[in-house]
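The sequence and the structure are shown first.

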Amino acid sequence: MHAILLKPGREKSLLNKHPWIFSGAVAQVRGDPAPGETVEVRSAAGNFLAWAACSPVSNIRARVWSWRREDEVTPALLRARLESALALRRALVPPAETSALRLVHAESDGLPGLVVDRYNEVLVIQCLTAGADYWRDTLVSLLIELTGLETVYERSDVDVRRLEGLEERAGLLRGKPVQSPLRVQENGLNFYVDTAAGHKTGFYLDQRRNRQRVRELAAGRSFLNCFAYSGGFSAYALAGGATDVLSVDSSADALALGKRNLEANGFSNAEATWLEEDVFHTLRGLRDRGRSFDAVILDPPKFAPTAAQAERAARGYKDINLLALKLLRPGGLLFTFSCSGGISADLFQKIVAGAALDAGVNARIVERLEQGADHPVALNFPEGAYLKGLVLEVNP
Ligand code: SAH
């Protein structure tokens with residue numbers, strides 16, 4: 001059996017059930033584990049700590065599958081993990097109004113590196129790590145058996161795979177070719193999703209609950225939706241009685257889908273304006289023209305994937321938040337988000353507070369938002385909590 005021996009004193013995070021083993025903690029690798037193969041992790045004293053998937057070239061050298069010696073990594077163990085992930089979703093997301101959801105959220109479901117999203121009858125998977133890649137065929141067969149679905153599409157075309165020494169990969173794995181775009185339902189609204197070419201696996205499923213909050217608070221307000229992608233927040237705002245929505249994104253494909261999404265929900269393009277532009281530029285232009293709104297949404301891409309980029313990212317977040325705060329009418333709402341793993345909720349709040357100070361406005365937090373319940377956070381893996389949002393009420 002291949003094994004990883006830790007340096008003295010480096011077993012602490014494993015005893016706390018954190019699933020990552022960094023290369024700096026490793027004293028020795030015994031045997032010759034192939035990428036993704038299972039290794040036994042032992043303390044310097046030689047005690048069993050965990051079974052993990054080896055990532056020979058990654059700075060995260062191994063990721064834990066299980067902490068019990070008797071839970072060796074077998075298809076039976078993976079099946080149990082998948083069963084528990086699926087049971088949780090059945091309990092959390094009623095299928096009557098929502099046909100698009102995350103079924104497996106990697107480490108937080110005990111399946112490091114594996115993401116599985118469901119869009120109607122189609123499963124879209126991402127294998128982000130060597131371990132998930134190694135077990136891919138087994139995982140796909142188990143998913144088909146446990147869900148009763150037949151079609152599995154892979155979207156492992158993500159640059160984090162390079163850190164694992166893996167090539168990007170995408171395409172149909174099982175079943176019939178996937179219709180593009182697919183029309184799904186979310187909270188009773190209709191959305192077209194391009195599972196082959198869209199961002200992530202096609203849709204930002206993590207914002208489902210927050211989009212619903214926007215709908216509940218939208219009545220009578222004019223909206224500016226920045227980083228709109230395919231108009232998710234725009235459709236919910238109009239569904240909640242917003243008077244009009246200006247949606248901004250730099251991707252023409254995303255906006256084209258956005259227009260279709262509003263039509264699919266019966267909204268006319270009279271209530272909606274679309275702008276293909278850099279948001280940083282748009283916000284300055286709107287300020288210079290003296291425009292104002294009753295609500296602004298800021299849902300930018302990850303400015304800081306890791307803590308190393310946090311400082312530069314902080315400047316980006318401050319800039320857009322400052323500009324957005326100045327565009328709000330008295331009593332206006334700012335829905336502001338960060339999905340950067342490198343920016344904590346605390347730091348994000350401080351950045352937004354700094355923006356309000358410099359904007360010279362009075363702003364108070366009326367609500368805190370986070371990723372939806374189908375993106376759970378294992379308590380031993382706080383890194384899983386990546387999406388944070390604030391709803392601010394703003395006055396001069
Ligand atoms: N709010 C969306 C998800 C936003 S994802 C939803 O709920 O579905 C971030 C979006 O920002 C992407 O669509 C990307 O195309 C866009 N984007 C990235 N950088 C941008 C920039 N500088 N200006 C405008 N849009 C940008």
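The model is predicted: local features require pLDDT of at least 70 and side-chain atom pairs pLDDT 80 or more, while totals for chains, interfaces and linings use all residues. Residues are numbered from 1 along each chain as its sequence is written, and side-chain values rest on heavy atoms, with hydrogens and water left out.

**Ligand site**

| Residue, backbone atom | Distance to a ligand nitrogen atom |
|---|---|
| F227, N or O | 3.3 Å |
| S250, N or O | 3.1 Å |
| V279, polar atom | 2.9 Å |

On its own the ligand has 580 Å² of accessible area, and the protein covers 89% of this; areas come from the Shrake-Rupley method with a 1.4 Å probe.

**Helix 8**

Helix 8 spans residues 252-264, 13 residues in total, and reaches 18 Å from its first C-alpha to its last, close to the 18 Å expected at 1.5 Å a residue. The expected span is 1.5 Å times one less than the number of residues. Helices (H or I, at least four residues) and strands (E, at least two) are DSSP runs numbered from the N terminus.

Within helix 8, A254, L255, L257, G258, N261, L262 and A264 are buried, that is, under 20% relative accessible area (1.4 Å probe, protein chains only). The buried residues pack against helix 7 (232-239) and strands including strand 15 (244-249) and strand 16 (272-276), contact meaning heavy atoms within 4.5 Å. Just after helix 8, G266 adopts a positive phi of about 80°.

R211, located in helix 6 (residues 208-217), counts as buried because its relative accessible area is 3%. Beyond its neighbours within four places in sequence, R211 contacts E186, F203, Y204, L205, G232, F233 and Y236.

L123 belongs to strand 9 (residues 122-127) and is buried, at 0% relative accessibility. Its contacts beyond four places in sequence include L103, V116, L143 and Y153. L123 and A252 are separated by 129 residues in sequence and by 26 Å in space, C-alpha to C-alpha.

How values were computed. A polar contact is a pair of N or O atoms within 3.5 Å; within protein, one must be able to donate a hydrogen and the other to accept it, and residues adjacent in sequence count only if both atoms are side-chain atoms. Buried means under 20% relative accessible area, exposed over 50%, partly exposed in between (1.4 Å probe, protein chains only).
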